[in-house]
Amino acid sequence: MMNKTLRRKMIVAMIVVAAIAGVNPGIGNVAQAAQKKEVKTQTSVEKLYQDMDVEIENDEDSYSISGGGLAGFVEYDFSNKQNKKRKMAAKASRENDEYDDAVSNYVGRTMNQQMKAFLYDLDGKKAEAVNVYSDDRGTDANGAKSYIKFTLSLDKFGGVPTKQLVMGYLADAIAEYPNLCTLFTAMSATKDSENVYMRVASIYRVEKIKEEVEKYKRFLADIEALPKKNSSMSDEDILLYLYDRVALSAEYATKECQLEAYHPEYYKIHTPIEIVESGRIVCQSYAAVLNHLMKDMGFTSYNVWSRSHAWNAVKMHGSWYYFDVTWDDGQKDSVTHQFMYAKTSSFMGSHDLDAYYSQKLDGITGKFGSDYDGYFPKASGKTNPYYYVADRWVFMNGGVPCESRGSDFSDISALDIPSDSNRCIAVLANKLYYGGTDGIHEYNIDQNTSTNKYNTPVFAMYLFQNKVLVKTADKWKYFDDKSYAVPDYDESRYGGSDPSDDRSGKTPTPSPEPEKTPNPTPTPDPSGEYDDEDDDDDDRDGDVYEENRTPHFLVNASGKRGIKVRVYDMNPRGSESFEVQCAVSKSFDSGVKTKAVDSGSVKFKGLRAGKTYYVRVRAVNKQGNYSEWTIARKQRIKK
């Protein structure tokens, strides 16, 4: 895929909002319990993984994401030990990266190599790992169960870096290298005359990290299996496929965002590994997971940030575009595609780069393209996911299962599937299934034949991670093509949402910053505390509390001619009330209805059948100040 030259040209742009990480980013401010002691880990690893990493390091042709993925995501045939490695051609056309950063590349590459050496007991400098407690008693005040120490050459920084830069390099590395997926942006750093020492927080105990890293890399490798094997997929096909797979593998962690500051569950949702563990993540993790996939498939991409939100920038055909899978991920089987191939004008002023990345990516907003303004999944306004099977796209189009060959969607036709009021589709293991009141059927798209799999009516279905979820009359269940003898889907994971929410859209907003809390005294490093003379100039500390944070909300139909809006307060200190507006115009200049609500939900009744309405929400604090309006979400009233 990528050669060694591209390896040197990798960088992810990701601003560190320390509150998202859950700590004050000041150097030397990582808490470690007094009772902690160093724990030796069991580093016995299957020789296969060692061999794979060695091959990646020594084989320029097979290099991919600098060995950051499942041994660089080079594909192996495990059934044939004599032919383990299959070299692969790059799917994406490599773009010139005008924002290459040699220092960030060095930090990420070095952290990745030291982490690999620790995980797989390889030769060379290893990351050092220590548990916060000698036994499994929980986490420290920063939500960490262990700390991983990395050693970096001070000379490579070209001088003594500020704490802001060190934190930025750390965030870049986590979003670039899957081997770092259990880490989050909480750290301390010290230096001596030769080295900078970064001690980074992990949400797992030392003895669990390798297992979790491999689980995450297998998750990524599973998603990549199809585009890596399929030479018929264009760059546009691959990006749409990766985008929807990430959206369908995750749900925005609205419930966890409402936990009090420094709750351990709060930090999990900010790490890439959590998309595998619970599927409940926030923007920081959405962007990192998508970036891992895009980088490995050969795309020039970055994680980029505003003050409190993360998304991706991708270069296509010489132009840059924003991809915000967080904002496009609706409830359950909804992926809106409104915010892919986007530019800042698509976000109503909410996606302006903060000062750090405005400087780091100077000029990126002046290089936005417009080639994809009419891209069908984006321009059609459909909220259904797209599945790739048998060299074509399949998707629901006005309640009808359709297919399209080619990435331009210029030739769309209906599949030969009986009509049904509850028709729905999903693809699992390269097999297309359709559901409805007639049960679940497997559909052979080439032969136009159907095989009945289950007779009970279902009302929705979609691919979640590597399983298909189906909505029966009473609850969601897993479907595995063999039986339903599997546990029911735990609906409580979604903040207690009721069955009526299954198709509602939501507008995720940036994850909240926790209230400032004194950090316990860190354990001193023998090299001496890292001193940053520029501390007072840091405008990205995360200590500034936004008094009236924009809320989350869910929208769904209520009865025949109504809309129900459920509001979630994202202000850690609590908002006084909320204003909810419903209008027939996206610009809210006509047919506007406004209601106030203290908490919970509000309903708009007596709406016109067949009409599309737009809903937005803002919070009001005790001083009467308003937050920004959320991005409007639309809901169509059935005829």
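Why are Lys208 and Glu211 separated by about one helical turn? Select both to find out: Lys208 and Glu211 are three residues apart in helix 6 (residues 206-229), so about one helical turn separates them. Helices here (H or I, at least four residues) and strands (E, at least two) are DSSP runs, numbered from the N terminus.

Before moving on, note that this is a predicted model, in which local features need pLDDT of at least 70, side-chain atom pairs count only at pLDDT 80 or more, and totals for chains, interfaces and linings use all residues. Residues are numbered from 1 along each chain as its sequence is written, and side-chain values use heavy atoms, with hydrogens and water left out.

**Stop 1: helix 6**

Keep Lys208 and Glu211 selected: their side chains meet in a salt bridge at 3.3 Å, N to O. A salt bridge here is a side-chain nitrogen of Lys or Arg within 4 Å of a carboxyl oxygen of Asp or Glu. Glu212 is buried at 1% relative accessibility, while Lys208 is partly exposed at 33% (buried means under 20% relative accessible area, exposed over 50%, partly exposed in between, with a 1.4 Å probe and protein chains only).

**Stop 2: a bridge between distant parts**

Next, select Asp446 and Arg392, whose side chains meet in a salt bridge at 2.6 Å, N to O. This pair links distant parts of the chain, with Asp446 in the loop between strand 18 (439-444) and strand 19 (449-454), and Arg392 in strand 13 (residues 392-397), 54 residues apart. Asp446 is exposed at 54%, whereas Arg392 is buried at 4%.

**Stop 3: helix 7**

Colour helix 7 and look around: 14 of its 14 residues are buried, so helix 7 is largely enclosed by the rest of the structure.

**Stop 4: aromatic rings**

Rings of Phe, Tyr and Trp (its six-membered ring) pair if their centres lie within 6.5 Å; planes under 30 degrees apart count as stacked, over 60 as edge-to-face and the rest as tilted. The count comes to 32 aromatic pairs. One of them is Tyr243 with Phe323, edge-to-face at 5.8 Å centre to centre and 75° between the planes. Tyr243 lies in helix 7 and Phe323 in strand 11 (residues 319-323), 80 residues apart. Finish on the aromatic cluster, whose members include Tyr243, Phe323, Trp393 and Phe409.
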